[in-house]
Amino acid sequence: MTKPKRSPVAADFAHIRDWVFDLDNTLYPHHVNLFAQIDQNMTAYVSELLQLEREEARALQKRYYHEHGTTLQGLMLNHGINPDAFLERAHAIDYSALLPHPELGEAIKALPGRKFIFTNGSVPHAEAAARALGILDHFDDIFDIVAADYIPKPAGATYDKFASLHRVDTRHAAMFEDLPRNLKVPKALGMRTVLLAPRNLDDVLVERWEVLSEEDDHIDYLTDDLQGFLSALAAR
Ligand SMILES: [Mg+2]
């Protein structure tokens, strides 16, 4: 495979008009671990819904996640739940671990073109997280799991829906994500792809290179510092 680049080369981004960001573990770092709270809320929801012990509920939650891409999708297909109630419950979390990050805001603001959040979570969750980071105002729109008809990334139809809704020319767009599998379709659509690794990249490098195999040719860039990456681009 071609190794992903680490520092942004200006020419690789000169044609970009639309900047697309995943939310969780991308716009804030992995170590903040908001997901631990969401994860617990989802377990509690499954436990109450199906009257299961915590461990059983957790196993089912994880099974649905692996089989359907999100726990929500598994619950909708198998139990016909109301997705809005589930999303509200899952995202009833404490956002205080997210601190304002003005440098990140400046770096996003300085990017030429439109900026989007594209998340498998909900709009209220994305707004709350981005607001806590102090970066919400820099985004043109948020495309969430509701807009995606509850079909999560990495389904191709969901990227198509996003691109057509916002008239994004994917050949002139860049995507930032922490999950390698969610960058496959973007790369196939001609997008520039940037994978966010947990901090510190050097510590996880060996592990990551194992994760990044021959099949991971769809990752153009790898970074553990979104703000540093974007600031370097803005300074081009
Ligand atoms: Mg993510």
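Predicted model: local features only at pLDDT ≥ 70, side-chain atom pairs only at ≥ 80, totals over all residues.

Trainee: What is the phi of N33?

Mentor: The general idea is that most residues other than glycine have a negative phi, and most peptide bonds are trans. In this structure, phi of N33 is near 55°, a positive value in a residue other than glycine.

Trainee: Which loop holds D149, and is D149 buried or exposed?

Mentor: D149 is found in the loop between β3 and α8, and its phi, near 55°, is again positive although the residue is not glycine. A residue with 12 or fewer C-beta neighbours within 10 Å is classed as exposed, and because D149 has 11 of them, it counts as exposed.

Trainee: Where is P154, and which residue does a cis peptide bond join to P154?

Mentor: P154 also has its place in the loop between β3 (141–143) and α8 (156–165), and the cis bond joins K153 to P154, with omega at about 10°.

Trainee: How many residues of strand β4 are buried?

Mentor: The general idea is to count neighbours residue by residue, where 20 or more within 10 Å means buried. In β4 (residues 173–177), five of the five residues are buried, so the strand is largely enclosed by the rest of the structure. Both of its faces are covered, with A173, M175 and E177 buried on one side and A174 and F176 buried on the other.

Trainee: Which strands pair with β4, and in what sense?

Mentor: Strand β1 (residues 18–21) pairs with β4 in the parallel sense over four bridges, and D18 has A173 as its bridge partner in β4. Strand β5 (residues 192–196) likewise pairs with β4 in the parallel sense over four bridges, with A174 standing opposite R192 of β5.

Trainee: Which residues does V123 touch, leaving aside those up to four places away in sequence?

Mentor: V123 lies in helix α7 (residues 123–133), and with that exclusion V123 touches I142, D144 and V146. It has 18 C-beta neighbours inside 10 Å and therefore counts as partly exposed. As for distance, V123 and H218 are 95 residues apart in sequence and 28 Å apart in space, C-alpha to C-alpha.

Definitions and conventions: Residues numbered from 1 in each chain as written. Helix = DSSP H or I, 4+ residues; strand = E, 2+ residues; numbered from the N terminus. Pairing = 2+ DSSP bridges. Contact = placed C-beta atoms within 7 Å.
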